[in-house]
Amino acid sequence: MPESDFAERGDRSEEEVSGAKVIAQALKTQNVEYIFGIVGIPVTEIAVAAQELGIRYIGMRNEQAVEACRLYSKFSARPSSVETIPSVIEKAVRSSIYGRPGACYIDIPADFVTLQVNVNSIKYTECCLPPPICMGETSAVCKAASVIRNAKQPLLIIGKGAAYAHAEESIRKLVEQCKLPFLPTPMGKGIVPDNHPCCVSAARSRALQFADVIVLFGARLNWILHFGLPPRYQPNVKFIQVDICAEELGNNVRPAVTLLGDINAVTKQLLEQFNKTPWQYPPESKWWKTLREKMKSNEALSKELASQKSLPMNYYTVFYHVQEQLPRDCFVVSEGANTMDIGRTVLQNYLPRHRLDAGTFGTMGVGLGFAIAAAVVAKDRNPGQRVICVEGDSAFGFSGMEVETICRYNLPIILLVVNNNGIYQGFDADTWKEMLKFGDVTTVAPPVCLLPNSHYEQVMTAFGGKGYFVQTPEELQKSLRQCLADTTKPSLINIMIEPQATRKAQDFHWLTRSNM
């Protein structure tokens, strides 16, 4: 062998690589395209190494609970050496997408990041395979189909698990073939379009309370669905639970049928049963008539609230005018109390995986982070697609400095801050001023109050974006039209509403022996 080859081998055996570069290469090997983080020693080195490999790095401003992540992760680990980092990262990526998706946490000691190790000691683990597709047990599928056929007042609830499973085509086919009423959960919106004739969102309370058979497609019986318990539901309602996660089956309520498997695959299995023996729920049934009547009355009430001319505006007026202009393919991100709750009843979704909100735990402060992630992907893959981030004024305050991140990367985000001067409710400027006459603000101001008429739009203009302060429907319409037309800069519209505005009264009937 020539001396030059020996020398080259010797040089290679002497070559060293830093832990930061090992981490970056391990992520690249797992097809990671984007990293979101907050730099500081030693994270800076990881970010630089990732960029050198072509991974997009987005530097954020708000770091919340790092160590706390360990308790709420699907998988958490601390590599025992730099050499084990690639295999730990592969397992974390695999764990995050297999079964029910979720966050994973890797705690890498700081000295590993800067530590130099022999390059030949590092073995990179191949990219993990796509998640396996699991089907439901055949006998359970047959039983579920039978229960649905015999239902007097059926209801489908479409959750975010169905969105993750890309089950939109099969679920829509099931809805249309069997003429079944459905409700989407907040992040299940758009799997079947919100304007579909079988969508009964406008009669949500009535549908939940009087359904006798409910099919859950990747939806959990948590607080969002009132835990599946009376008086929000019939005491003898039959649940059919379709979920990828075995541990979720039977939580809070014992289901009549459980279908463990990929939601898209299981839905196709149900369709096979209804293809073998065609069946359709009667569109003119008493149940459909009840739901349609309730939808009509609720929609009329919402329209009446939206058409009110009094100032300041209410939530319904704001969302009505926003809905009129929203692009059908935009991503809608939302967080807040009344802002999120009312907004999801008015703002429509027509496509799956196009809505993100505070989710299962109602966590405030996630909205701007979600919007940034959606906008980064949209900018790369669908230039021109907009991200509309609808924030309550309190929710905006949790992560407001991410506006600098939005402007730094010039992301196509329109922030709508629905400002009622408080958390749930606040005071107008005159009432606030009068209140201060009675003592120090720390003792006389209700805890839910925020400073009246705060100019949040100036946070956006401070970093070079466009800001608007609006108080009337006309100002809202004009500013939103300008924001949608300008794709060169992010923008924020600060929308002043009635401080005491709230949602419309909920229609809810206590169950008695006479109506059970």
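**Helix 20 and selected cysteines**

Me: Which residues of helix 20 are buried?
Reply: Buried means under 20% relative accessible area, exposed over 50%, and partly exposed in between (1.4 Å probe, protein chains only). Helices (H or I, at least four residues) and strands (E, at least two) are DSSP runs, numbered from the N terminus. The buried residues of helix 20 are P473, L476, S479, L480, C483 and L484.

Me: What is the basis of these values?
Reply: Residues are numbered from 1 along each chain as its sequence is written, and side-chain values use heavy atoms, with hydrogens and water left out. Local features need pLDDT of at least 70, side-chain atom pairs count only at pLDDT 80 or more, and totals for chains, interfaces and linings use all residues, since this is a predicted model.

Me: Within what arc do the buried residues of helix 20 fall, seen down its axis?
Reply: An α-helix has 3.6 residues a turn, so residues three or four places apart point the same way. The arc is taken from the directions from the helix axis to the C-beta atoms. In helix 20 the buried residues line one face, because they fall within an arc of 135°.

Me: Which residues on the other side of helix 20 are exposed?
Reply: The buried residues of helix 20 are covered by elements including helix 12 (315-325), strand 14 (387-392) and strand 15 (413-419). Strand 18 (466-470) and strand 19 (491-496) are also among the covering elements. The exposed residues on the other side are E474, K478 and A485.

Me: At what distance does the side chain of Q325 reach the backbone oxygen of Q477?
Reply: Q325 lies in helix 12. Contact means heavy atoms within 4.5 Å, and leaving aside neighbours within four places in sequence, Q325 is in contact with Q477, L480, R481 and L484. The side chain of Q325 reaches the backbone oxygen of Q477 at 3.0 Å.

Me: How many disulfides are there?
Reply: A disulfide is a pair of cysteine sulfur atoms within 2.5 Å. By this rule the count comes to 0.

Me: How far is the sulfur of C407 from the closest cysteine sulfur?
Reply: C407 counts as buried, at 13% relative accessibility. The closest cysteine sulfur belongs to C483, and it is too far for a bond, because the separation is 12 Å.

Me: What is the relative accessible area of C199?
Reply: C199 lies in the loop between strand 8 (182-184) and helix 9 (204-210). Leaving aside neighbours within four places in sequence, the contacts of C199 are F182, P184, P193, D194 and M295. C199 is buried, and its relative accessible area is 6%.

Key. A polar contact is a pair of N or O atoms within 3.5 Å; within protein, one must be able to donate a hydrogen and the other to accept it, and residues adjacent in sequence count only if both atoms are side-chain atoms.
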